[in-house]
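Dear colleague,

Please find the structure for your review directly below.

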Amino acid sequence: MNSVTVQVPAKVNLQLAVGAVRPDGYHELVSVFHAVSLYDEVTVTRADELVVTVEGENADDVPVDRSNLAARAVALLADRLGQSPDVHVHLRKGIPVAGGMAGGSADAAAALVACDTLWRGNTPRDMLRRLGAELGSDVPFSDLGGTAIGTGRGERLAAVPTVGVYHWVFALADGGLSTPAVYGECDRLREAAGTPVPDPAPSESLIAALRAGDVPALGATLTNDLQDAAISLRPSLRATLDAGLAGGALGGIVSGSGPTCAFLAADEAGARTVARALAASGTCRTTRVAFGQVGGARVVPQRLRS
Ligand code: ATP
């Protein structure tokens, strides 16, 4: 075996509750992650040294040095396995870059699975997730997929029983938003408002909607504590959210730290209608239609590779 390809999904946060800043500098979070059918593909091939190449929209915005999260994942696993990290990592990006959909985390999760397979490390999956958590809070969920509550920094996961298929429209913006900048703006807005920061807790109505497969109820319960901060840094997102809701979405939120906006539609035809309305409104760069929930990182069998 000379190369391994792993497909890994994007995430949207159905709920993102942001608590106080902890002594280690991270915020205490409750996040309901949901994996959707926008994918990156990560291929690792034996090589003379660790190199990264990237293809796809906005590939130029993705670093190809050792700061790339996939490269960091390769180096971390190589170190744990006492293995040389010499692989060519090729990223085929279908997840918007710096879009609040955990693209970098997804690539890290995929790189761990791909290299462990290539090197026949036989590392248990929960151990790979623990390694992933060292690289970023969203990495373990990218590996797990489905729908799950994340607590702590977001890295401690519990699967949420979910029925039904959820149809999503994503409005992609020009340029990204820096996740640390959005958290910083959230802190600044809270300090200016002077209100106490509540302890983050999972939304019972959201969990009930997922258990029942109740799409309108889910649409009505989507929440994101980072939304005001993302809009404060990118005021045009307000018009994007308004356009999606006017176009018939059952709910709309900024995805994670933004600037991608996520809209829940009643069904597949409804998603196409919302996407058309968003495109006509001129309030976003482009749209993507996707569905959830989908599984996490998985090796693509060689015969299915394009
Ligand atoms: P999150 O939702 O986890 O906060 P995001 O989806 O907003 O993240 P990413 O696509 O992960 O954002 O990119 C954030 C930054 O990380 C990019 O601007 C880029 O410089 C850097 N980065 C490092 N590795 C990667 C990677 N493999 N893919 C994309 N960006 C990467």
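In these notes, a residue is called buried when its relative accessible area is under 20%, exposed when it is over 50%, and partly exposed in between, with a 1.4 Å probe and protein chains only. The model is predicted, so local features need pLDDT of at least 70 and side-chain atom pairs count only at pLDDT 80 or more, while totals for chains, interfaces and linings use all residues. Residues are numbered from 1 along each chain as its sequence is written, and side-chain values use heavy atoms, with hydrogens and water left out. Helices (H or I, at least four residues) and strands (E, at least two) are DSSP runs, numbered from the N terminus.

Helix packing

Helix H1 (residues 69–81) packs against helix H3 (residues 125–135) at an angle of about 130°, and their axes are 10 Å apart. This makes H1 oblique to H3. Axes here are lines fitted to C-alpha atoms, for helices over the stretch in contact, and angles run from 0 to 180 degrees between N-to-C directions. Angles under 35 degrees count as roughly parallel, over 145 as roughly antiparallel, 65 to 115 as roughly perpendicular, and the rest as oblique. From the H1 side, Leu69, Arg72, Ala73, Leu76, Leu77 and Arg80 meet Leu128, Leu131, Glu134 and Leu135 of H3, contact meaning heavy atoms within 4.5 Å. The residues of this contact divide into 7 nonpolar, no polar and 3 charged. For that division, Ala, Val, Leu, Ile, Met, Phe, Trp, Tyr, Cys and Pro count as nonpolar, Asp, Glu, Lys and Arg as charged, and the others, Gly among them, as polar.

Salt bridges

A salt bridge is a side-chain nitrogen of Lys or Arg within 4 Å of a carboxyl oxygen of Asp or Glu. By this rule the count comes to 17 salt bridges.

One of them joins Glu55 and Arg92, whose closest N and O atoms are 4.0 Å apart. The pair links distant parts of the chain, with Glu55 in strand S3 (residues 51–56) and Arg92 in strand S4 (residues 87–93), 37 residues apart. Glu55 is partly exposed at 37% relative accessibility, and Arg92 is partly exposed at 35%.

Arg125 and Asp143 also meet through their side chains in a salt bridge (3.0 Å, N to O). Because Arg125 lies in helix H3 and Asp143 in helix H4 (residues 139–144), the pair ties together parts that are 18 residues apart in sequence. At 32% relative accessibility Arg125 is partly exposed, whereas Asp143, at 5%, is buried.

A further salt bridge is formed by the side chains of Arg190 and Asp225 (3.6 Å, N to O). Salt bridges that share partners also join Glu57, Asp174, Arg285 and Arg288 into one network.

Two individual residues

Leu250 is found in the loop between helix H9 (237–246) and strand S9 (251–254), and counts as partly exposed at 31% relative accessibility. Not counting residues up to four places away in sequence, Leu250 touches Val215, Pro216, Gly219, Ala220, Leu264, Ala265 and Ala266. The C-alpha atoms of Leu250 and Pro9 are separated by 23 Å, the two residues being 241 residues apart along the chain.

Asn68 is placed in the loop between S3 and H1 and is buried, at 4% relative accessibility.

Yours sincerely
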